[in-house]
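Subject: Structure for your files

Hello,

Here is the structure you asked about, with the sequence alongside. My notes on what was found in it follow below.

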Amino acid sequence: MQEYIKVAAATPKVFLAAPKKNAQAALRLAAQHTDCEVMVFPELSITGYTCGDLFAQSRLLEQAVFYTFWLAEQLPQNGFLGMAVVGLPVRADNQLFNCAAFLQNGTVTAIVPKQHLPNYREFYEKRWFAAAKDRRSTEVTLINHKNQQVTVPFGENILLSSPDGKLVISTDLCEDLWAPVPPSSLACMAGANLVVNLSASNETISKQEYRRDLVRMQSGRCVCGYIYAGAGQDESTTDAVFSGHSLICSNGAVLEESIYPDQNETVISAILDLEVLQNERQVLNSFMTQANLMPEWRTIVVPNLGASAKTVTIEQLQPNPMPFVPSDEQQKNKRCAEIAKIQAVGLAQRLRKTGMKHLVIGMSGGLDSTLAFLVAVDAMRELKLPISNIFGITMPCVGTSSRTRSNAETLVKGYGATFQQIDIKEACMLHLKDIDHPQDVYDTAFENTQARERTQILMDIANMHNAIVVGTGDLSELALGWCTYNGDHMSMYGVNSSIPKTLVKTLVQWHADTKEADFAELKPVLYDILDTPISPELLPVSENGEMQQKTEETIGKYDLHDFFLFYMVRYGFAPSKIFALAKQAYPDLDPQYIKHTLQTFYRRFFTQQFKRNCLPDGAKVGSVALSPRGDWRMPSDADASEFLQDIE
């Protein structure tokens with residue numbers, strides 16, 4: 001678990017111009033969170049940001065340094081073995097600098113001065129401080145709390161690294177982030193993967209939203225973790241109010257956030273996965289393209305950094321069991337609307353460019369064909385063409401249940417599309433007879449005969465009406481190869497090709513609840529489709545007409561397969577790590593079942609690449625896609641043995 005670190009942003013109580021009290025407040029919070037590897041405090045947290053002309057007082061400056069060293073010594077004695085980052089004013093080169101001090105192993109490891117000083121509207125930092133560009137020294141000699149001279153590395157070009165290089169920290173100080181080129185942008189190209197920002201950004205109308213976007217997007221642009229610690233309400237309110245707005249972000253996502261904390265102090269924490277950042281940077285080949293333009297950086301290797309705090313255990317992780325589906329309801333609805341638009345526009349554009357005005361869809365009464373049909377309806381609306389231009393074809397055979405057949409018909413007719421039923425049983429039995437296949441042997445050939453017969457019918461009907469066959473297969477089925485080669489595997493445009501099964505369910509439900517208000521009478525049908533077990537319906541039904549074949553009983557739960565797919569393709573995690581995460585995400589499932597399903601996933605993913613290599617066109621929707629023309633290029637004869645061994 002070495003790639004995981006727990007980090008924190010702290011907003012302590014602040015006593016203006018009282019370094020002793022501020023150091024004690026910081027120590028108290030750190031001692032309550034000894035499992036954190038890095039804890040960041042606000043800008044000038046040792047003195048308070050709003051001291052004004054008191055920054056010219058020697059007593060304040062001396063005591064700030066005194067109690068910073070005192071705090072550094074006290075932290076490990078009180079159980080905090082990680083790195084703390086505090087803000088204080090530091091004198092060097094006959095100037096005063098607004099600095100971040102890094103405290104580790106009982107001492108001050110490095111001091112980084114602020115580069116961009118705000119001097120507009122309510123800010124007057126140039127009255128007291130010099131910018132980092134004006135420094136002359138690379139080290140600063142300070143008098144510590146024991147009246148000893150200590151020489152500390154000093155400069156804005158400092159990176160702090162763990163001994164193994166997995167964790168590299170750089171610094172922004174408040175306004176640095178608001179500059180056109182934040183220092184952290186250059187630092188991350190130099191190897192930093194965690195940025196700490198000691199800030200004192202006051203509140204004005206709508207500023208918190210802008211600030212949140214700024215931090216979140218910087219973490220995404222730099223593919224890094226970003227800890228932003230904001231000054232709290234105890235700062236002077238003479239001319240401004242501070243809110244303690246703090247954020248922890250990673251690669252464009254807000255992990256934790258706090259504003260206006262109770263009792264004017266708080267600590268927020270989150271676990272960062274450094275492997276995610278490494279793998280993402282490795283894939284983004286534009287990330288290091290300007291590395292040769294960067295200034296020279298000094299890397300300080302800090303003993304125990306990355307290993308001094310308590311180890312992050314798997315039990316502390318809370319992976320989303322459905323990584324393709326947002327857990328927040330509002331965000332989920334927004335995501336569904338965006339996906340529905342992408343799908344509809346992709347299909348509509350294909351019709352525009354081909355000059356065709358009709359669509360043909362094989363309707364099974366299952367989730368995938370239902371979503372494809374709903375996309376087709378949206379595409380017709382986009383083009384202002386009649387819904388009747390959609391041909392919804394049901395092709396019942398020996399495995400078709402009355403439930404799915406009825407739902408398919410109700411759905412197609414309910415939207416005003418053209419419904420057609422073609423029984424394929426006789427054609428399939430004749431074909432089996434032609435190839436000398438026993439009609440009561442229910443093997444792969446028996447099943448695939450039906451799938452290929454359906455594809456042939458759809459293609460021929462499309463030719464009759466100058467139409468496009470809309471593919472219904474989803475991303476999960478492509479990953480597992482759970483489709484018949486040159487059967488349901490083939491179409492003229494696959495609208496679901498980058499939609500995993502868990503997201504297919506979510507989209508159908510969203511259509512039922514939100515999108516189709518004008519078709520409220522069809523909501524029960526859509527919900528019945530959602531409740532229907534997933535099945536290709538290729539084996540004969542039971543005597544009472546119910547389906548005998550259930551996909552998830554054969555290959556395992558799609559929820560698990562989508563979980564595996566996300567972490568394998570999106571982040572390149574090893575199978576053993578995916579297994580550990582899955583056990584945490586699905587505590588109610590037997591670990592042996594998870595392991596068996598993971599083995600199934602890898603075996604099928606590797607052996608079924610040949611189906612993906614000749615995939616029909618279909619628009620990419622999310623960050624995980626398997627098109628051989630876009631996101632995933634893999635040899636069909638790759639060997640899965642190393643991956644299966646890792647699972648063992």
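By class, 5 nonpolar, 7 polar and 3 charged residues line the largest cavity. Please keep in mind that this is a predicted model. The volume of the largest cavity is about 140 Å³. Its lining is made up of 15 residues, and those nearest the centre are Gly473, Leu478, Asp488, His489 and Leu615.

In total, the structure has 2 cavities of 30 Å³ or more. The second largest cavity holds about 40 Å³ of space. Ile342, Gln343, Gly346, Tyr493, Val495, Ala619 and Val621 form its lining. By class these are 5 nonpolar and 2 polar residues, with no charged ones. Helix α7 (residues 329-354) supplies the largest share of this lining, 3 residues.

Next, the nonpolar cores. The largest one has 86 residues, and the members that touch the most others are Phe373, Tyr415, Leu565 and Phe605. Helix α8 (residues 367-383) gives the largest share of this core, with 11 residues. There is also a second, separate core of 48 residues, with Met83, Leu160, Val196 and Cys224 among them.

Phenylalanine 605 can be looked at in more detail. Apart from neighbours within four places in sequence, its contacts are Ala479, Leu565, Met568, Val569, Arg612, Leu626, Trp632 and Met634.

Helix α6 covers residues 274-283, and its buried residues are Leu274, Val276, Leu277, Asn279, Glu280 and Arg281. What do the buried residues of α6 pack against? The partners are the strands β1 (4-11), β11 (225-230), β12 (246-250) and β14 (266-273), together with the helices α4 (183-189) and α16 (558-570). At the start of α6, the backbone nitrogen of glutamate 275 has a side-chain oxygen of aspartate 273 within 3.0 Å.

The last item is a single residue. Threonine 47 sits in the loop between β2 (38-40) and α2 (58-77). Is threonine 47 buried or exposed? Threonine 47 has a relative accessible area of 0%, so it counts as buried, the cut-off being under 20%. Setting aside neighbours within four places in sequence, threonine 47 contacts Phe15, Leu16, Ala17, Ala18, Asn22, Phe55, Leu60, Ala64 and Pro89.

Regards

Conventions
Residues are numbered from 1 along each chain as its sequence is written. This is a predicted model: local features need pLDDT of at least 70, side-chain atom pairs count only at pLDDT 80 or more; totals for chains, interfaces and linings use all residues. Side-chain values use heavy atoms; hydrogens and water are left out. Helices (H or I, at least four residues) and strands (E, at least two) are DSSP runs, numbered from the N terminus. Buried means under 20% relative accessible area, exposed over 50%, partly exposed in between (1.4 Å probe, protein chains only). Contact means heavy atoms within 4.5 Å. On a 1 Å grid over the protein atoms alone, a cavity is a set of points where a 1.4 Å probe fits but cannot get out, and a pocket is an open set with protein on both sides within 12 Å along at least five of seven lines; lining residues have an atom within 4 Å of a point. Grid points are joined across faces, edges and corners, and a volume is the space filled by probe spheres set on the points. Ala, Val, Leu, Ile, Met, Phe, Trp, Tyr, Cys and Pro count as nonpolar, Asp, Glu, Lys and Arg as charged, and the others, Gly among them, as polar. A nonpolar core is a set of buried Ala, Val, Leu, Ile, Met, Phe, Trp, Tyr and Cys residues joined through side-chain atoms within 4.5 Å. A polar contact is a pair of N or O atoms within 3.5 Å; within protein, one must be able to donate a hydrogen and the other to accept it, and residues adjacent in sequence count only if both atoms are side-chain atoms.
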